[in-house]
Structures are given as C-alpha cells and as structure tokens.
Amino acid sequence: MSEQLQRTYTVKTYGCQMNVHDSERMAGLLEGAGLVRAPKDAETADVVVFNTCAVRENADNKLYGNLGQLAPQKAANPAMQIAVGGCLAQKDRDTIVKRAPWVDVVFGTHNVGKLPVLLERARLAREAQVEIAESLEAFPSTLPTRRESAYAAWVSISVGCNNTCTFCIVPALRGKEKDRRPGDILAEVEALVAEGVSEITLLGQNVNAYGSDIGDRLAFGKLLRACGPIEGLERVRFTSPHPKDFTDDVIEAMAHTPNVMPQLHMPLQSGSDTVLRAMRRSYRQERFLGIIGKVRAAMPHAAISTDIIVGFPGETEEDFEQTLHVVREARFAQAFTFQYSKRPGTPAATMEGQIPKAVVQERYERLVALQEEISWEENKKQVGRVVEVMVAEGEGRKDGATHRLSGRAPDNRLVHFSKPEAAVRPGDMVTVEVTYAAPHHLLAEGEARNVRRTRSGDAWEARTAAPAGTGVMLGLPSVGVPAPAAAAGGCAAC
C-alpha cells in the first residue's frame, strides 16, 4: 500500500466548465484509489489523464500532439499509465488506441466512475482498456471529488442537452438532458456550505432547461429561490442558460433572491434571424433583446455576458451587421467571441456557404473591437461604486509585483485592489471603492472600507495547512461531509 500511496497523477483538462467539473471528479476518484496529485513543477506523473473536448475542429490534433509528447516517457517507463476521457474519447473510441497504441485507458462521458477500475484492469492485463457507455451510468455528483477551491464550487444540476444546434456536437456526446432531484442538489449545496464554501455555481449544459426531465417548467426558478434561505451561502451563480428556456419566473427569482448574483451569461451566437434559423436556435433577435431588457429592468446593475460565433456558414455582411446591432443594443459587459470552425459530425460542417478564413477574421476583428469599446465604457460606469469583493486565488497574475489582491464583485467583474493592512485570505470579503476601469478589469487603489473574515477564508486556511495531496473530497450522498465551483456556458458555444 505504501508504494501505491506514492503513485502520482495529473489531470489535463480541455473545454467547458462541465469538463472542469468532471476533472474534479476524476481527481477525487484517483485520490480515493490511493494516488496523490503530482506537484505543479513535475515533468510528468505515474498516471496522466486527458479530459478532452470535441468542440473545436482541431481538438484531435491537440490531443494526439500531447499524446505523442508522452510516448518517449511511456517507452522509458512502461509502468506509467495514460488515460483519455471526455467528449473526444466518447466520439473517437477505438481510434485513439489505434493512433496512439501507448494509451492504456479510453473512457467516455457517461462512465467517469470507471476510471480507477479501468486503470487497474489495464495494469493487470497489460493491454489497453476501451470502455464507452452509451448512457449515463451514475450521476457524476455521486462520485468523490477533489475540489479545486475551498470557497467556491460547481454544483451540477443536470447533464446532457435536448437541443439540436447545427454547430454543436455536445448532445451527441453527452446525451439527452437528465436532471437531478432538487432535494439532492440542495443537500449537496448545504454540505458544501457546511465545509466553508460560500459561493456556488449551478452548472448544466442548458442550465435553465432544468425541470424538463422531471416535468416542471418552473423548476429552475424554484431552485434559485430555494438557495436563498441557506445560511452561509453568500453567492449563487449559474451557467449557461438558453434564451428559449429563459422565463420571467427566473428573472423574478434572480431579482428577489438576495444571494443570487446580478450576473447573467446569455449566449447570443448571432444577431441575425436568418443565421439563428440555420443554427437551429429557437429564438430570434427580438426575443433575445427582450430578455436583456427585462433583466435590466429588474436588476439595473446586472452585468450581462454572452457567446458569439462569427462566420457561420451562409453568414452575409448584412447578417453580421445584425450581430453588431445586437451587441450595441445589449451592451454586454463581456463577450466570448469565436470564429466558426467545423465540428466533424455536426450538420453545419457540411453546409454550403462556408465563409473564407480571411472574411471570418476581418469580421471577428471588427466584433472584438466593438465589444472592447463597449466593455470599457460599461466598466467606466463602475468608477466610484463601492463593491464587496470575494478574494480569489490565482485571479491576478501581477498581484505579487503590484502588491494587490484580486477577486470578483457580485456582478462577477474582476477587481484588483490594494492589499489591506489586515490579513486577508481567499474566500474573505473586502469592501472597496472602484477608482479606475479597464476593458477587462477594475482597480480599487484606495484603502479598503472593510475586511470581513469568513468561514470560507477559514476553510482555505485549513486546506492550505493540510498535508500535501489533501483536497476537498466531496461526494453525495453522505451529508455532513461536503461537496462542489464559471467562462462561458456548459459548452463554449451553446
């Protein structure tokens, strides 16, 4: 057993928040099997897991390039094990071991829980194990988890997606939507809070469609309201919703539940009704802007972000101008912009009217320039506001050199602020006045108005003092011992 305890692992994650959360599950499973996380400066580990994404056209090139780099290490150390999971594994299956025969395990999106078993089976049999389930074997939240944060956590409320967007392969790889019972979700949230977590992000491929699987169209709004009375839960966020499922009830729940933050990520994809129809997005420009208007009326200070795809097949200059029009009208705080790339296996990949790369690039640059201008203008409106910032770990890359700390305001804007005299830990709250705005962050250069030490800060401190390899090991059920913390969307293009 002592030898097994010395085995190290690393999980390399690509893709959306769902993949990030799945990787936390994989890490929890591996630590439950006796492995410890490899140090950050380690060149490799005894077990290397790739959690893949299939959204981008070149996703497979990236994977096989990374696998190729490990081939010499595997040849020199046959005891090393390499596993490939996630969406690309679900899609490519046996192809992976044919192209990279030094891979030990291939597993899919539906059977993450089998990872330790498959690794052991591969070790004993001395041959690759490929196991892809066609449907979900167990809801991921029943698995142990090594949480990346002691103060903020993801809570998955559903998996899969019932939409048929022509650019997206996720439904084919994640399956139809499957919802968790509300009681299970709230039990996980309460367990997390008991461990010191004070911010949770409800996560789903199409998060506000929650309830379609359990026959309650208003279930998502009810879930938001149910988070309100949980003592110690200070911030609730969610990602990513779909405009077609966004009801007035959800807006009311956001506005009237104090710990639901005034922040919304609402994927637009295109401002053109013609392109939205080709994408099979079941809303139009008027509907989208109507939602934005209602959100702003209910929460004037809400920060709204979005996803936009430029250069979808058949997009004309007129169509693109409609996207620019929506961007000007909506005044997003931030936009995650993507140049369309073919996803093999999607209807859009074979559509006529594929746009030349040069045209896509030129439109993309115009969109980015416009959004940068709007983001800066919207951020300048924050100057003079007093905000309570949750101190974060790793958000400010220059904090050491500038003697600042960084964190998120309630609306999720990134704030860099002068380090207070009082000791401050990640998870603590600092009240500051915004003094300067840049397109992607705010500065608060004066003295802190208030420093509030929190249970989340205590949890971070306890975790930091714990022996190496100790993580936040959470799973449900097992009330009393805890469990799970957004970028854009369940899939960056949903």
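Trainee: Which residues does UniProt list for "domain: TRAM"?

Mentor: The unreviewed UniProt entry lists residues 380-448 for "domain: TRAM". In this predicted model, the end C-alpha atoms of residues 380-448 lie 20 Å apart. The span is 7% helix and 38% strand.

Trainee: What makes the reach of helix α14 close to the expected one?

Mentor: Helix α14 covers residues 357-380, which is 24 residues. The expectation is 1.5 Å times one less than the number of residues. For α14 that comes to 34 Å, and the reach from its first C-alpha to its last is 34 Å.

Trainee: Which residues of α14 are buried, and what covers them?

Mentor: The buried residues of α14 are V360, R363, L367, L370, Q371, I374, S375, E378 and N379. Their cover includes β14 (303-310), α13 (317-330) and β15 (334-339). It also includes β20 (436-437) and β21 (442-444).

Trainee: What makes K380 count as a charge over the ring of W376?

Mentor: K380 lies over the face of W376, at 4.4 Å from the ring centre. The distance cut-off is 6 Å, together with a limit of 35 degrees from the ring normal. Another such case is R99, whose charged end sits over the ring of Y64, 3.8 Å from its centre.

Trainee: How many aromatic pairs are found in the whole structure, and why is the pair of Y283 and F288 called tilted?

Mentor: The search of the whole structure finds 4 aromatic pairs. Y283 and F288 are one of them, with 6.3 Å centre to centre and 35° between the planes. Centres must lie within 6.5 Å, and planes under 30 degrees apart count as stacked, over 60 as edge-to-face and the rest as tilted. The 35° between the planes of Y283 and F288 therefore makes the pair tilted.

Trainee: Why is the pair of F288 and F332 called edge-to-face?

Mentor: The planes of F288 and F332 are at 65°, and the cut-off is over 60 degrees, so the pair is edge-to-face. The ring centres are 6.2 Å apart. F288 lies in helix α12 (residues 285-298) and F332 in the loop between α13 and β15, so the pair ties together parts that are 44 residues apart in sequence. Ring pairs link Y283, F288 and F332 into a cluster.

Trainee: How do you know whether Y283, F288 and F332 are buried or exposed?

Mentor: Buried means under 20% relative accessible area. Y283 has 3%, F288 has 1% and F332 has 0%, so each counts as buried.

Trainee: Why is strand β8 described as largely enclosed?

Mentor: In β8 (residues 152-156), 5 of the 5 residues are buried, so the strand is largely enclosed by the rest of the structure. Both of its faces are covered: A152, W154 and S156 are buried on one side, A153 and V155 on the other.

Trainee: What makes β8 and β11 a pair?

Mentor: At least two bridges are needed. β8 and β11 (residues 199-203) have 5 bridges, in the parallel sense.

Trainee: What makes β2 and β6 edge strands?

Mentor: The open sheet has 6 strands in the order β2-β1-β3-β4-β5-β6, with parallel pairing. β2 (36-37) and β6 (129-131) each pair on one side only. For β2, the partner β1 (residues 8-13) pairs with it in the parallel sense over 2 bridges, and Y9 stands opposite R37 in β2.

Conventions. Residues are numbered from 1 along each chain as its sequence is written. This is a predicted model: local features need pLDDT of at least 70, side-chain atom pairs count only at pLDDT 80 or more; totals for chains, interfaces and linings use all residues. Side-chain values use heavy atoms; hydrogens and water are left out. Helices (H or I, at least four residues) and strands (E, at least two) are DSSP runs, numbered from the N terminus. Buried means under 20% relative accessible area, exposed over 50%, partly exposed in between (1.4 Å probe, protein chains only). Contact means heavy atoms within 4.5 Å. UniProt positions are given in the numbering used here, feature names are shortened, and annotations may be inferred rather than shown by experiment. Rings of Phe, Tyr and Trp (its six-membered ring) pair if their centres lie within 6.5 Å; planes under 30 degrees apart count as stacked, over 60 as edge-to-face and the rest as tilted.
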